[in-house]
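Me: I'd like to learn how to read a protein model. Could you walk me through it, one feature at a time?
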Amino acid sequence: MKTFRIGGVHPAENKLSAASAIETLGLPKQAVFPLSQHIGAPAVPCVAKGDVVKVGTKIADAGGFVSAAIFSSVSGKVAKIDSVIDASGYRKPAIFIDVDGDEWEETIDRSEALVKECSLKPEEIVEKIKNAGVVGMGGACFPTHVKLCPPPGSKAECVIINAVECEPYLTADHRLMLEKPEEILVGVSLLMKAAKVDKGYIGIENNKPDAIKLMQEKAAAYPGIEIVPLKVKYPQGGEKQLIDAVIRRQVPAPPAIPISVGAVVQNVGTAYAVYEAVMKNKPLFERIVTVTGKSVTKPSNFLTRMGTPMSQLIDAAGGLPEDTGKVIGGGPMMGKALMNIEVPICKGSSGVLIMNDKEARRGEVRPCIRCAKCVSACPMGLEPFLLSTLSAHNEWERAEKEDIVSCIECGSCQFTCPSNRPLLDMIRLGKSTVMGIIRARSAK
Amino acid sequence: MDLILVAVISLGAIGLIAAVILYVASKKFAVYEDPRIAQVAEVLPQANCGGCGFPGCSGFAEACVKAGSLEGKLCPAGGQAAMEKIAAILGLQAEASEPKVAVVRCNGSCENRPRIVKYDGAQSCKVAHATCGGETACAFGCLGCGDCVKACRFDAIHMNPETGLPEVDEEKCTACGACVKACPRVIIEIRPKGKNNRRVYVSCVNKDKGPVAMKACKVSCIACGKCVKECSFEAITVENNLAYIDPNKCRLCRKCEAVCPKNAIVAVNFPPRKPKVEAPAAEAAKAETPKVEAPKAE
């Protein structure tokens, strides 16, 4: 069975909510939409205080080419445009909407019926995706239409769908595949058509045998789509790791991007969002969020309107357990510990993980024993111990030479370190500093 | 016997040849270095703190000698005394400089600024700043991991375990600015030491709007502007919801300290206020009560 070649680790899977069917979560009292839910320029509000909006009304325009529009997930009145503490822990501008009823825009097709036929041209599909504010649903939130417009000189050869869900605990993509397989496959066909390729792969790790089986059965009717079962290894869901695992090609160091080796990688949730955007005229305003944790009464997968506070999801899953140590937005490997559980669900919120006290505590930091486990674990072939030391000593030039910007921040090094050293913390800091230096240099 | 003789003669010859080559090379490739550079370097404190803006003490010495004037040059660690000595060596005029000191502009102690979460990541302010908003609701104040303490080469800044804030030892601080660079939130500022070491400054860097800042910390600046109105010397400005006292304009009258409803303005090294000043202070206290609410309106 296939997997990526360099490094990787095997964290405990803990897929507690894999058997819980997707439930629709109730409406929040107030929905909050941060303006930067995606990579790129923040969106620009196109509503004002007091405006009445419906479900699916555009409330913010894309702020540039690499940006995405934001749509209301509720109907009601715009209460204010103010700031809210988002997952980063800092105040960011956001639109607040007081919910009143549940009235949808008439253009949205709310029927459950599967629509397969699409007569649109590739450019029209990309335009529709763009106009629906679709971004990568895996967590990085890169605007999807940008990925479908390859830079001049590069040509896509295949679309790879990331259905790996290598993060422990999270099951949102797994449930989506079990419950909406046909919709996903239509979405993949649309993505293939938009990228002008006739080959599509869906990579699924073999810890989801039911999903592999179901998808294989359904995919038979869709020409060009192949299901690729993959050996379980973290971080297989990383874009570059997935390309290596599925088509055996390695993406060179930045500024090379996946399209340089002919691959367009999209998340399975994105494929579903593309289906809804193109076939049902439904912009991106809801997503599936896993709420899980060892002490959680009812680990669940919720179909959640964006802007819902995380506290509402936690309550629906049985409330915050008493022994809570940390609440994490996302999975345990790449997610971010939250300062505040009123943080709204955004386009990239794949899960809410509640860690108990024991699990959450970090071990005592001890000196590096030069075991080089981090070097063997790094899926990018970097030297994490070195990069973290360079960052700690502000040696930015050397860190750049050691290719710190190639780090995908998967956390395998820190996970594997027997001395509990905060490797990723330091590397992240170094990476963002070095990227800032590079940007400043190229701006000159 | 022959063998020894041959060895002595051959080694002696090699030595002689090498000596000649070295002599010629040292004459031909000699680089003239102004002897004053070494003299100047000698009077510098050799802390290599970089506070002067040059790469170490020798770099500063070279710059002083080569520039031919001491304009705009100051060794913060050696202070005015070192500059006078350098001026004497070089036969130049040292620029008069005011002694300066590092000032920590955050008063968010554990008591004033409640901790709402616990940060257990890498113990570095830089990392804490990049990964989360810190342990309190204030996204601008001190993170308390002590990057400034680690950066100080003069043992002049220490964390106070009670308040969780760094404290500057005025005697030891040379105002080299290493802590300013180390602080990711730019809380520390280099300010003139002031007459008799007396200083008045806004001990807050919170740029949030009044109500948000008010909730986060008991002693946050809420940009109500009372100090601006009170100041007779136009030394105070409010920008981005934060007041700032210009040390060059401030005449240390302490009127602003008295009117600040949040006690965000701090005056240090002043004698206790005289009893007769109490009356206007009490008046100010009365006046401030209703106005605490005022900044909420936006």
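This is a predicted model: local features need pLDDT of at least 70, side-chain atom pairs count only at pLDDT 80 or more; totals for chains, interfaces and linings use all residues.

Me: Which side chain does A:Arg248 meet in a salt bridge?
Reply: The general idea is that side chains of opposite charge can pair when their charged atoms come close. The cut-off here is a side-chain nitrogen of Lys or Arg within 4 Å of a carboxyl oxygen of Asp or Glu. The partner of A:Arg248 is A:Asp244, at 3.9 Å from N to O. A:Asp244 is buried, with 4% relative accessibility.

Me: How many salt bridges are there over all chains?
Reply: The search of the whole structure turns up 36. One of them joins A:Asp109 and A:Lys280, 3.7 Å from N to O. A:Asp109 sits in the loop between strand 8 (91–99) and helix 1 (122–131) of chain A, and A:Lys280 in the loop between helix 7 and strand 13 (286–292) of chain A, so this pair ties together parts that are 171 residues apart in sequence. Helices (H or I, at least four residues) and strands (E, at least two) are DSSP runs, numbered from the N terminus. A:Asp109 is partly exposed at 30%, whereas A:Lys280 is buried at 5%.

Me: Where do A:Arg249 and A:Glu157 lie?
Reply: A:Arg249 is in the loop between helix 6 (239–247) and strand 12 (263–267) of chain A, and A:Glu157 is in the loop between helix 2 (144–147) and strand 9 (158–162) of chain A, so their pairing ties together parts 92 residues apart in sequence. They form a salt bridge, with the closest N and O atoms 3.1 Å apart. A:Arg249 is partly exposed at 33% relative accessibility, and A:Glu157 is partly exposed at 43%. There is also a network of salt bridges linking A:Asp102, A:Glu276, A:Lys282, A:Glu286 and A:Arg305.

Me: What about rings: how many aromatic pairs does the structure hold?
Reply: A pair of aromatic rings is described by the distance of the centres and the angle of the planes. Rings of Phe, Tyr and Trp (its six-membered ring) pair if their centres lie within 6.5 Å; planes under 30 degrees apart are stacked, over 60 edge-to-face, and the rest tilted. The structure holds three such pairs over all chains. In one of them, the rings of A:Tyr272 and A:Tyr275 have centres 6.5 Å apart and planes at 25°, so the pair is stacked. Both lie in helix 7 (residues 268–279) of chain A, three residues apart, about one turn of the helix. A:Tyr272 is buried at 13% relative accessibility, and A:Tyr275 is buried at 2%. B:Phe54 and B:Phe60 form a tilted pair, 5.8 Å centre to centre with 50° between the planes. B:Phe54 is partly exposed at 29%, while B:Phe60 is buried at 1%.

Me: Which ring does the charged end of A:Arg110 sit over?
Reply: The rule is NZ of Lys or CZ of Arg within 6 Å of the ring centre and within 35 degrees of the ring normal. For A:Arg110 the ring belongs to A:Trp104, with 3.8 Å to its centre. Likewise, A:Lys233 lies over the face of A:Phe4, 4.4 Å from the ring centre.

Me: What is the average pLDDT of chain A?
Reply: pLDDT is the predictor's confidence in each residue, from 0 to 100. Chain A averages 92, and 100% of the residues score at least 70. Within chain A, confidence is lowest in helix 9 (residues 357–360), at a mean of 87, and highest in helix 10 (residues 373–377), at 95.

How values were computed: Residues are numbered from 1 along each chain as its sequence is written. Chains are lettered from A and ligands numbered from 1 in the order in which they are written. Side-chain values use heavy atoms; hydrogens and water are left out. Buried means under 20% relative accessible area, exposed over 50%, partly exposed in between (1.4 Å probe, protein chains only).
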